[in-house]
Amino acid sequence: MRIDILTLFPQMIESFMNESILGRAQKGGFAQIVLHDIRDYTTDKHHKADDYSFGGSAGLVMKVEPIYRLITKLKSEREYDEVIYTSPDGETFNQPMANSLSLLNNVIILCGHYKGVDHRIREHLITKEVSIGDYVLTGGELAAAVMTDSIVRLIPGVLTDEQSALSDSFQDNLLAPPVYTRPREFNGWSVPDVLLSGNQALIDQWQMDQAMERTLALRPDLLK
Ligand code: 6GU
């Protein structure tokens, strides 16, 4: 899968994309994450990528031409399944959306900033608008990073069996059960006996009960 991220601030997320699981996914050839600086596609001598909004409401708006040029260039090189715009107006990102996006080949994510992009971009080039929750971020870069992280880890081969995404919270609409490691006893705090019993059926049952109990207590909305 290839994800092209279009932003005015590529440095904000560059190192994030090359660390940990995202870094390994790219080195292993499972994902290609390409950051593009929208300012590189301006043609005026001041490299102006934003301007005042018509009608006078406060704040800068990202200009149509550089974004159009960049998206048109990318589309001439390969076919894109989605052109996503990060915006608080969008559909709220969640695990089912991550699952379906992880099946795509090529995706563009355009990061909104300031008051947003010239609306003509949204009308003519964007196929999907996504928010990561009901709070305001300075820009879409963190949203793009969050989405990329949760999408790429779902690509088959990125996680080992032990890290398997199938046991993550939310994957089956349940929170994950508690986990423990050595030592068995610390400071008088002990690990539940069942986990040391060696009886896998019992352990599976305990983990399922815990997942259900925790979901009921902490996120009953997930069970609806
Ligand atoms: Cl995608 N962008 C911005 N600016 N704020 C947000 C968001 C996105 N998702 C939640 N808040």
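Predicted model: local features only at pLDDT ≥ 70, side-chain atom pairs only at ≥ 80, totals over all residues.
Now to the polar atoms around the ligand, where the protein side of each pair I will mention is a backbone atom. A backbone N or O atom of I132 lies 2.9 Å from a nitrogen atom of the ligand, a polar backbone atom of Y135 is 2.5 Å from a ligand nitrogen, and for a polar backbone atom of L137 the distance to a ligand nitrogen is 3.1 Å. As for how much of the ligand is covered, taken alone the ligand exposes 290 Å², and the protein buries 95% of that.

Let me move on to helix α3, which takes in residues 64-77, 14 residues in all, and which reaches 20 Å from its first C-alpha to its last, close to the 20 Å expected at 1.5 Å a residue. Within α3, the residues P66, I67, L70, I71 and L74 are buried, and they cover an arc of only 120° around the axis, which puts them on the same side of the helix. The spacing is worth a remark here, as an α-helix has 3.6 residues a turn, so residues three or four places apart point the same way.

The last element I want to show is helix α7, residues 200-218, whose 19 residues should span 27 Å at 1.5 Å a residue, and whose end C-alpha atoms are 26 Å apart, which agrees. Which residues of α7 are buried, and which are exposed? Buried in α7 are I203, W206, Q210, A211 and T215, and because they cover an arc of only 160° around the axis, they sit on the same side of α7. On the other side of α7, by contrast, A201, E213 and L216 are exposed. Finally, the N-terminal end of α7 is capped by N199, a side-chain oxygen of which lies 3.2 Å from the backbone nitrogen of A201.

Terms used
Residues numbered from 1 in each chain as written. Heavy atoms only, no water. Helix = DSSP H or I, 4+ residues; strand = E, 2+ residues; numbered from the N terminus. Expected span 1.5 Å × (residues − 1). Buried < 20%, exposed > 50% of the residue type's maximum accessible area, 1.4 Å probe, protein only. Arc of directions from axis to C-beta. Polar contact = N/O pair within 3.5 Å; in protein donor to acceptor, adjacent residues only side chain to side chain. Areas by Shrake-Rupley, 256 points an atom, 1.4 Å probe, with all protein chains shown as cover.
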